[in-house]
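Please look over the sequence and the structure, then read the points below.

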Amino acid sequence: EIVLASGDVHFGEISVAKCRRGNEERQLIELTTSGLTHAWSTGPRGVEILDWTMWALPFRYQTGSAVLPSITPHLNAGEIAWSWPTGGGDGEATLNILDKAGAPLFTHRVPLSRPAQEERSGGGGGTHWDCAPGGRDSEKGAPTQMEVLLANLLLLSPLFLLPLLAFLPPLLLWNARRLVRRLTLARRAAKP
């Protein structure tokens, strides 16, 4: 199994992808932890914005369920505990997202096996791995390009609309003033 640690998104989550290369299968597990001092919940309306974002984007790699997803918008830290038996054999990694008091919010256990010599030397069944969601929405498969495009348009459109909305009222007001000025001049010119 491959375990990644990431952050700088101001929330914590655990995601899983099931990957295949030839006859080999592995899981790619990501522990995202961010928010020791800042998180979505510390900003105004942050939780609502994050909920909307998670609804709009096709995230299908998160563990947990639709009722109890493994994501927190609150201050959090991550922890990975590695456990290997002293006599050799398979081990385990325990991934935790911790709340600000240090109590686990989410836990995901990953069985680990020692790589075979062939894997350590870079050999093995091909070079390309195909990965699909392994989390709560895995039956939906990987997001299509259209889903990702529509989600990005939905999320990015306010970035383009806000400047337009900020620019449009002054422009309309300026044009309205010019129109009133022209009508006033036309009325004056029409009077004998």
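A residue counts as buried under 20% relative accessible area, as exposed over 50%, and as partly exposed in between. His 10, with a relative accessible area of 34%, is therefore partly exposed. The model is a predicted one. The protein has three helices and eight strands, and 25% of its 192 residues are buried.

**Overall layout**

- Read from the N terminus, the order of the elements is β-β-β-α-β-β-β-β-α-β-α.
- Of the contacts in the protein with a separation of 6 or more, 66% are between residues 24 or more positions apart.
- The protein exposes about 13,100 Å², and 61% of that area is supplied by carbon and sulfur atoms.

**The largest nonpolar core**

- The largest nonpolar core has 11 residues in all. They are Val 3, Ile 14, Val 16, Ile 29, Leu 31, Ala 93, Leu 95, Ile 97, Phe 106, Val 110 and Leu 112.
- Two or more residues of this core come from each of strand E2 (12-21), E3, strand E6 (91-98) and strand E7 (104-112).
- In soluble globular proteins, nonpolar side chains tend to be buried together.

**Strand E3: Leu 28 and Thr 32**

- Strand E3 covers residues 24-32 and includes Thr 32. Leu 28 is also found in strand E3.
- Thr 32 has a relative accessibility of 4%, so it counts as buried.
- The side chain of Thr 32 makes a polar contact of 3.4 Å with the side chain of Glu 30.
- Beyond its neighbours within four places in sequence, Thr 32 is in contact with Ser 6, Gly 7, Val 9, Phe 11, Gly 12, Glu 13 and Ile 97. One of these, Ile 97, belongs to the largest nonpolar core.
- Leu 28 counts as partly exposed because its relative accessibility is 26%.
- Residues up to four places away in sequence aside, Leu 28 touches Ile 2, Leu 4, Ser 15, Val 16, Ala 17 and Cys 19. Among them, Val 16 is a member of the largest nonpolar core.
- Leu 28 and Leu 4 are 24 residues apart along the chain, and 7.6 Å separates their C-alpha atoms.

**Salt bridges**

- How many salt bridges does a search of the whole structure find? The search finds three.
- One of them links the side chains of Glu 25 and Arg 20, at 1.8 Å from N to O. Glu 25 is exposed, with a relative accessible area of 53%, whereas Arg 20 is partly exposed at 44%.
- Glu 24 forms a salt bridge with Arg 21, and the closest N and O atoms of this pair are 2.9 Å apart. Both residues, Glu 24 and Arg 21, are buried.
- Glu 24 also forms a salt bridge with Arg 26, where the closest N and O atoms are 3.9 Å apart.
- Why does Glu 24 count as buried? Its relative accessible area is 18%, and the cut-off for buried is under 20%.
- Arg 26 is partly exposed, with a relative accessible area of 23%.

- Phe 167, Leu 168, Leu 171, Leu 172 and Trp 174 form a nonpolar patch on the surface. Together these residues have about 500 Å² of accessible area.
- Leu 171, one of the patch residues, lies in helix H3, which covers residues 145-190.
- Leu 171 has a relative accessible area of 31%, so it is partly exposed.

**Loop residues with positive phi**

- His 10 lies in the loop between strand E1 (2-6) and E2. Phi of His 10 is near 65°, a positive value in a residue other than glycine.
- Arg 45 is found in the loop between E3 and helix H1 (46-56). Phi of Arg 45 is near 60°, again a positive value in a residue other than glycine.
- Is Arg 45 buried or exposed? Arg 45 is exposed, because its relative accessible area is 59%.

Key. Residues numbered from 1 in each chain as written. Predicted model: local features only at pLDDT ≥ 70, side-chain atom pairs only at ≥ 80, totals over all residues. Heavy atoms only, no water. Helix = DSSP H or I, 4+ residues; strand = E, 2+ residues; numbered from the N terminus. Buried < 20%, exposed > 50% of the residue type's maximum accessible area, 1.4 Å probe, protein only. Polar contact = N/O pair within 3.5 Å; in protein donor to acceptor, adjacent residues only side chain to side chain. Contact = heavy atoms within 4.5 Å. Patch = residues over 30% accessible without salt bridge, like charges linked within 9 Å, V, L, I, M, F, W, Y side chains within 5 Å. Areas by Shrake-Rupley, 256 points an atom, 1.4 Å probe, with all protein chains shown as cover. Salt bridge = Lys/Arg side-chain N within 4 Å of Asp/Glu carboxyl O. Core = buried A, V, L, I, M, F, W, Y, C linked by side-chain atoms within 4.5 Å.
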